[in-house]
Amino acid sequence: MRTTQNVATQKDGHYSDPPLLVLASLASGPKHGHAMIEDIATLSGTHLGPGTLYGAIARLEQQGWIEPLPQEDRRQPYRITPSGLAVLKAKLTTLHHFAQAGLRRLESQ
Amino acid sequence: MSPTLTRLLIRLYPRPWRNRYAAEFAALLETWPSTPRTTLNIISSALHERISPTQGGPMTPSPITLGAITRKPSAYLPIALSLLALTVVLTAVTLNGGPVREADEGSAAHIWQILMALQAPILLIFAIKWLHRAPRRAAQVLALQATAVAANLAAVFFLT
């Protein structure tokens, strides 16, 4: 998973780290591509393009953090793996600490 | 998105990726509105996949790709220094209005020498670090670095 290159916010304030967004989306259960995109838009306000989504899916699958389930019609659902859940938890915890520290600094000004 | 455009866009991806993801990606794109932004998104993702492939399919251990290795400072710094040195030579030649024939080396020559000398330890570090880990990729980068050095030597030989 890419790190600082991806951990960026768009100018409108939406969070944009496609692999992390995909992991977060799959944390609530298996989904196929369209469902992930809709869920991510609801979760973060970020509208991933199809190329970006499948770039993230391919890399997450390569890392063993998500895995495919049997196809439904022609749609391919994915689910998060235990190691993916651990990575997601670690990354979100780091982000949480970072956000808290950043907000404290803002409040102290 | 039309099936024709979908097929064309998917063909931009490398074959291993297509073998793994083409069917499901096509199913997703068929229900996707066709916009220039979507097309650009797929083109840029396909290019990224070609530069830094995931290989698709049953995933192999993470390969050291050419894209990944060239992002290492020890890979790109010598090339950047070579290009800078070449720029120094060409600038000196341009300012002198032709080949420079000086008995006494000027400041441009000293800068060129420093830039070329700086590359040696970095090249050594790169070779020690990467040749055994990714021989093919490291050799490709070394070939690129050698080409940049050769371009410099040719410029100095023929233009000064």
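Which residue forms a salt bridge with A:R74? I looked this up first. The partner is B:E30, with the closest N and O atoms 2.9 Å apart. I counted a salt bridge where a side-chain nitrogen of Lys or Arg is within 4 Å of a carboxyl oxygen of Asp or Glu. A:R74 lies in the loop between β3 and β4 of chain A and B:E30 in helix α2 (residues 15-30) of chain B, so the pair joins two chains.

**Ground rules.** The model is predicted, so I noted that local features need pLDDT of at least 70 and side-chain atom pairs pLDDT 80 or more, while totals for chains, interfaces and linings use all residues. Residues are numbered from 1 along each chain as its sequence is written, chains are lettered from A and ligands numbered from 1 in the order written, and side-chain values use heavy atoms, without hydrogens and water.

**Chain A.** I found four helices and four strands in chain A. Their order along the sequence is β-β-α-α-α-β-β-α. Helices (H or I, at least four residues) and strands (E, at least two) are DSSP runs, numbered from the N terminus. Of the 109 residues in chain A, 43% are buried. For this I took buried as under 20% relative accessible area, exposed as over 50%, and partly exposed as in between (1.4 Å probe, protein chains only).

**Interface.** I then turned to where chain A meets chain B. Here 21 residues of chain A are in contact with 27 residues of chain B, contact meaning heavy atoms within 4.5 Å. The two chains bury about 1900 Å² between them, 54% of it on carbon and sulfur atoms. Buried area is the accessible area (1.4 Å probe) that two parts lose on being put together, summed over both. On the side of chain A that touches chain B, α2 (33-44) and α3 (50-63) each supply at least two residues. The most comes from α3(A), with ten residues.

**A:R59.** Is A:R59 buried or exposed? I found A:R59 buried, at a relative accessible area of 15%. A:R59 lies in helix α3 of chain A. Its side chain makes a polar contact with the side chain of B:H48 at 3.4 Å, and another of 3.5 Å joins it to the side chain of B:E49.

**Other salt bridges.** Over all chains, I found five salt bridges in the whole structure. A:E67 forms one with A:R79, the closest N and O atoms being 2.7 Å apart. A:E67 is in strand β3 and A:R79 in strand β4 of chain A, so the pair ties together parts twelve residues apart in sequence. In chain B, B:E24 forms a salt bridge with B:R20, with the closest N and O atoms 2.9 Å apart. B:E24 is buried at 4% relative accessible area, and B:R20 is buried at 18%. I also noted that A:E61, B:R20 and B:E24 are linked in a network of salt bridges.

**A:D73.** My last entry is on the loop between β3 (66-68) and β4 (78-80) of chain A, where A:D73 has its place. Phi of A:D73 is near 55°, a positive value in a residue other than glycine. A:D73 is exposed, with a relative accessible area of 72%.

Definitions and conventions
A polar contact is a pair of N or O atoms within 3.5 Å; within protein, one must be able to donate a hydrogen and the other to accept it, and residues adjacent in sequence count only if both atoms are side-chain atoms.
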